[in-house]
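Open the model in your viewer and keep the selection tool ready. Each stop below says what to pick and what is there.

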Amino acid sequence: MSYLEYKVKTVPSGLRKVLYLNWALILLIAAAAGFGFLMLYSVAGGTMDPWADPQMKRFALGLVLMLIVAFVPIWFWRNMAALAYGVSMLLLLAVEFMGSVGMGAQRWIDLGFMRLQPSELTKITLVMILAAYYDWLDIKKVSRPLFVMLPLLLIALPMALVLRQPDLGTALLLAAGGGTMMFLAGVSWIYFAAVIALGGGAVAAVLMSRGTPWQLLKDYQFRRIDTFLDPASDPLGAGYHITQSKIALGSGGWTGRGFMQGTQSRLNFLPEKHTDFIFTTLAEEFGFLGGISLLSLYALIVVLCFVSGLRNRDRFASLLTLGLGTTFFLFFAVNMSMVMGLAPVVGVPLPLISYGGSAMLVLLVAFGLVQSAHIHRPR
Amino acid sequence: MKRPGRDTEESTRRISRRGLILGAAQVGFVGLLAARMRHLQVNQADQFRLLAEENRINIRLIPPARGLIFDRNGVALAENRQNYRIVMVREEAGDVDEVLARVQKLVALPPADIERARREMARRSPFVPVTLADRLEWEEVAAVAVNAPALPGVTAEVGLSRHYPLQSDFAHVVGYVGPVSDYDLERLEDPDPLLQIPNFQIGKYGVEAKLETRLRGQAGTKRIEVNAVGRVMRELDRKDGIPGDDVQLTVDHGLQNFTQARMGAESAATIVMDVNNGDILAMGSSPSFDPNKFVRGISVPDYRALTENERRPLAGKPVQGLYPPGSTFKMVVALAALEEGLVDPEETVWCPGHLDRAGRRFHCWRRGGHGHVSLIDSIKQSCDVYYYDIAERVGIDKITAMAQRLGLGLRHDLPLSGIAEGLTPTKSWKERRRGAAWVVGDTLNAGIGQGFVLASPLQLAVMTARLASDRAVVPRLVKSVDGVETPVSAPPLGLQPEALALVRQAMFAVSNERRGTAYGSRIDAEALRMAGKTGTSQVRNITTEERRQGVFRNEDLPWNRRDHALFVAFAPHDAPRYAVTVVVEHGGGGSTAAAPIARDVLLYALHGGVPPLESYPSGQRREIGDMLDSLELRAPQRPSPVRSRA
């Protein structure tokens, strides 16, 4: 019995696939998104406009997309990985030439019905291509320099394009996501040690480039680093976001100030209260208990992804599931670290909750891939 | 692609190992996030809650209503009047230019004000109200209110501002308020936060300034919620302030008005005092000014007109002005001599018109002299030579002691600005201040109230009241503060009864007997007759050359070199109620310039209104009647029925 025959015979087919969906995961996702609708309703001052309503419609659309992706066999997606990666690179290039400028950076393409952020898409396609690459690569060769160079190039290309926008946060997330894939595939520890050393050197170089003609980051990015290191130095200027964010979080206390009672968000002391800083509103209004509930939801989603990935004996499916789970982890970990003053302010939204179309749709498509891997796993 | 099973197992094992490591790292990081969340939200919650409250809550002060000032009958002298202004909110107005143009059709706005409002609107946040016009008439505000639908963003507001309904009558008593200056803030030890409120007004002059702490009251506070850009969202709570205390003065608004009118355009001061308790019933200073102009912010031309007027409208002459008392000082010298037994009432002094002493010639005001003069005659006819003679006998120490006993040379503590202390000279004073020894000529000059002696009209009024009552009355201007009566102080003075009776008899003669210096200003009504004393004090030296050629008459001199005219009196002479002092700067003679004013003011006080002509000698009635008719008097005011704090 060939390998292919083995798989075809043991996977469910047709409508039976519905029964094999990872329903727990879907429920957790819906619960997290529900938190999001509640918060968007609250920060809009108790109305569905202008955020909660579009967000719910996008979530519904995303769920449909997720199911479509889930029902398509995982080996189809493995075969599509290279194409998806290529398309996302083209879109990134397109942003370079015809993208709109928002918040000081070129980030999206206006498709008419929605604004597409190719950098969001890239976070998924990079994981896909790397999973397919290591699925193809002989396990004995993963640590050979030539076969380490190839995935590094695959990671470096979108990073370079994203940095041109410039979007430091996404670039770092891509690096972290790509690195995770290489780590999972079994690339030798020595490379990671070398990268960490090099990374330290790069950080030093970036910091030292400040004020010189070959400055590597924009001034606002340097200021964000300063602010992160000492938010109190400029409480009304660059440190304002962090200071107000911590005040909102801290004033929530154990149980919060009550739904729609958060003064920091209601009176506009919080910046970007419906996007990157939405977690502070949640923590202000529902307190420590609300915050820890959301964190637990997120952790459970990641755990489900890992359980599914680790139990999957198909190499591509396993790597993809673990990679996407880690990508999801990186999203919320970076966002929460940022609003709690543990990391510099980089524009990373809170997954499933922050207002934004691309992020929501891409994330649900990614969960579709996880579901597909789950349904079509070898048995 | 086909793979050996072993490879697949190897791969799966490796992925599992690395996946577990990664998963463990992630669990660890989630733990870190949870710990951080707990740190911020549980351990530091109180601190951040406080910061959040500070963010959103602003405390604003509510200015208290200033205490009102009333006269002795409860007529308001200083009140808080509603003050209308119109303000505009840019974001509500939409088309600012269009709305401003419409406002200008209803209210006359100077272009400068429009420009200022426009600039302020551009500078401030769009939701901040900007004042377009202040102190509008009710009709103008009503016009704006009626047209409100066509004037989006424009609203009328009501505030309180100080108003002095009796205008110039009490300018030097009640004073005025004005905006807090940097100097005020510097001067105050513990500045009330109220003073920081824009346009807050504090007392600048007179009772308003001296009783500032009682009148001001205590600020209320309101807590308001603001958003990140400072827009007021709602008022959380408010604590109303405590209004300032009301002050009741001893003055009578009708008498004060009559006094001011009677002095007319003269540069003069008049004080009417109750001889028994020291209550000041009127304290006029002429010319005066309208204190309301200072509340609004006086214009430069108006202010210059006040400061450049040679009759000094801004000076509160009754307490700030110092004059040589002249002949009104003679009662002091006479009493000092009588008390010491240094003069016999029957004894006469020969007055040839001058006295030669210490190599100088001291002149009597009457060149031909008074002949034989007794004590009564000396006061009645105001003989100078008599007082040269007895002043030398009594000596300056005893004269000064008597002067101070009668209230001269002492600072009487009234809540008024710039109270002058005056001067009753002593030998040590001259040595200390002038570096020269006291000479007998100084004593002779002091004997007729010239030389170093200086007194304010207030001090002369106290002296007259003490002569009239034989009590050490202390002037009282504040009858009560917040309903608490100010104590009266009038202990017996203990002058020798015979001496005092003699002086009073002489003062009666001055204004009731032929050849008395104020006989022309006598009162005909038997029960109201006054006892007084004229005074004419020189403001220049008369040279020997001038004496030889004949002394200039006052009318021939420029105004500011003429003599000051003084008159002190009390009435009724046999049962004194009121003492009056009139000083007319550069008025000429006390008998002609000051005494008639004193007579009319005393009669007004005794009658409680414009005196009937029957009080005057029949021959003067027509002339006086015409004069009284020509005075522009204010209709009597009604006491404020409610002490409205508005």
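Start with chain A: of its 379 residues, 50% count as buried. Buried means that 20 or more other C-beta atoms lie within 10 Å of the residue's own; 12 or fewer makes a residue exposed, anything in between partly exposed, and C-beta atoms are placed from the backbone. This is a predicted model, in which local features need pLDDT of at least 70 and side-chain atom pairs count only at pLDDT 80 or more, while totals for chains, interfaces and linings use all residues. Residues are numbered from 1 along each chain as its sequence is written, and chains are lettered from A and ligands numbered from 1 in the order in which they are written.

Colour chain A by secondary structure. It has 15 helices and three strands. Both kinds are DSSP runs numbered from the N terminus: helices are H or I with at least four residues, strands are E with at least two. Contacts are next: two residues are in contact if their C-beta atoms, placed from the backbone, lie within 7 Å. Among the contacts in chain A with a separation of 6 or more, 70% come from residues 24 or more positions apart.

**Stop 1: a helix pair in chain A**

Select helix H3 (residues 23-43) and helix H4 (residues 52-71) of chain A. They pack at an angle of about 160°, with their axes 9 Å apart. Axes are lines fitted to C-alpha atoms, for helices over the stretch in contact, and angles run from 0 to 180 degrees between N-to-C directions. H3(A) and H4(A) are therefore roughly antiparallel, the word for angles over 145 degrees. Show the side chains where they meet. Ala33(A), Gly36(A) and Phe37(A) are among the H3(A) residues there, and Met56(A) and Phe59(A) are among those of H4(A).

**Stop 2: a covered helix**

Move to helix H11 (residues 240-252) of chain A. Is it mostly covered or mostly uncovered? Mostly covered: 11 of its 13 residues are buried. Ile242(A), Ile247(A) and Leu249(A) are among them. Step on to Gly253(A), which follows H11(A) and has a positive phi, near 65°.

**Stop 3: a sheet in chain B**

Switch to chain B. Five strands form an open sheet there, in the order E12-E11-E21-E20-E19, with antiparallel pairing. Strands pair if DSSP finds at least two bridges between them. E12 (280-286) and E19 stand at the edges with a single partner strand each, so one side of each has no neighbour in the sheet. Zoom in on E20 (residues 564-571) and E21 (residues 578-584) of chain B: they pair over seven bridges. Ala571(B) has Tyr578(B) as its bridge partner.

**Stop 4: a hairpin**

Select E14 (residues 354-357) and E15 (residues 360-363) of chain B. They pair in the antiparallel sense over four bridges. Arg357(B) stands opposite Arg360(B). Two residues lie between the strands of this hairpin, and Ala358(B) in the turn has a positive phi of about 55°.

**Stop 5: an exposed arginine**

Finish at Arg515(B), in the loop between helix H21 (497-512) and strand E19 (531-537) of chain B. Arg515(B) is exposed, with 11 other C-beta atoms within 10 Å. Leaving out residues up to four places away in sequence, Arg515(B) touches Lys380(B) and Gln381(B).

How values were computed: Angles under 35 degrees count as roughly parallel, over 145 as roughly antiparallel, 65 to 115 as roughly perpendicular and the rest as oblique.
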